[in-house]
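Student: I am new to this protein and would like a friendly tour. Could you show it to me?

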Amino acid sequence: MTLNILLIEDDATLFQEIKQRLEQWSYNVCGIRDFSRVMEEFSHCQPHLVIIDIQLPKFDGFHWCRQIRAHSNVPILFLSSRDHPTDMVMSMQLGADDYIQKPFHFDVLIAKIQALLRRVSDYNTGPIHLQTWCGATIDYAKSTVTNEQGTVALTKNELLILKHLLNKKNTIVTRTELIEQLWEDERFISDNTLTVNVNRLRKKLDELDLGRFIETKVGQGYMAKEEGIDS
């Protein structure tokens, strides 16, 4: 099956260069013709992954990340020349899965794309799609957590963090272990990015009164507790 990648990049030369390189890996690359109608292009392309620049005509990449996240949990990768830590943190807070700074090595871009798409495939083909925890149901196929208080949608990173913590309930999972699970090669990710993802996951779980069951163990890592069990 050919996988679709939506590349939201206004530099025509860079767009063509990335498009040609990705097509060599058998990806189908969609572009944006009208930067005021990105969501229409998104719907038309039906991408398996989205790559977004921050500085764009009309609205910036953060705006479109918000719009996409309101409708889809598709993996989102920011590709930008902006290197301020605030931009990286903002992208993660909005639901992006990774961030690469320009200029970049194409091998790194491919490695990150493959890792993100592999995680999506793992979720869709894994034997366990539903899991219960503290009165809630986690649907791994739909990337949702539901209890009597409602439903929240998680990004792929948030879902993977929760899944790994629940696989080791009542046991401390180190930050290094989570980074390796999320990004497979810890050289490509900052420790701060993990903190942002965990905090965003906990904030969403707070809407269901579940955030308190994800504990931070200072200097050690994180632990998912079962209801009624103290540590």
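**A first look**

Tutor: pLDDT, the predictor's confidence in each residue from 0 to 100, stays under 50 over residues 123-128, for which the model has 8 contacts (heavy atoms within 4.5 Å) beyond four places in sequence. Where pLDDT is low, the predicted coordinates should not be read in detail. This is a predicted model, in which local features need pLDDT of at least 70, side-chain atom pairs count only at pLDDT 80 or more, and totals for chains, interfaces and linings use all residues. Residues are numbered from 1 along each chain as its sequence is written, and side-chain values use heavy atoms, leaving out hydrogens and water.

Student: What is the mean pLDDT of the protein?

Tutor: Let's take the whole protein this time. Of its residues, 90% reach 70 or more, and the mean pLDDT is 86.

Student: Within what arc do the buried residues of α3 fall?

Tutor: Helix α3 spans residues 61-69, and its buried residues (under 20% relative accessible area) are Gly61, Phe62, Trp64, Cys65, Ile68 and Arg69. Seen down the helix axis, they line one face of α3, because the directions from the axis to their C-beta atoms fall within an arc of 165 degrees.

Student: Is Asn147 buried or exposed?

Tutor: Asn147 sits in strand β8 (residues 144-147). Among the residues it touches are Gly135 and Leu210. Its relative accessibility is 14%, so Asn147 counts as buried.

Student: Which residue's backbone oxygen does the side chain of Asn147 reach?

Tutor: A polar atom of that side chain lies 2.9 Å from the backbone nitrogen of Gln149. The backbone oxygen that the Asn147 side chain reaches, at 2.9 Å, belongs to Leu208.

Methods:
Buried means under 20% relative accessible area, exposed over 50%, partly exposed in between (1.4 Å probe, protein chains only). Helices (H or I, at least four residues) and strands (E, at least two) are DSSP runs, numbered from the N terminus. A polar contact is a pair of N or O atoms within 3.5 Å; within protein, one must be able to donate a hydrogen and the other to accept it, and residues adjacent in sequence count only if both atoms are side-chain atoms.
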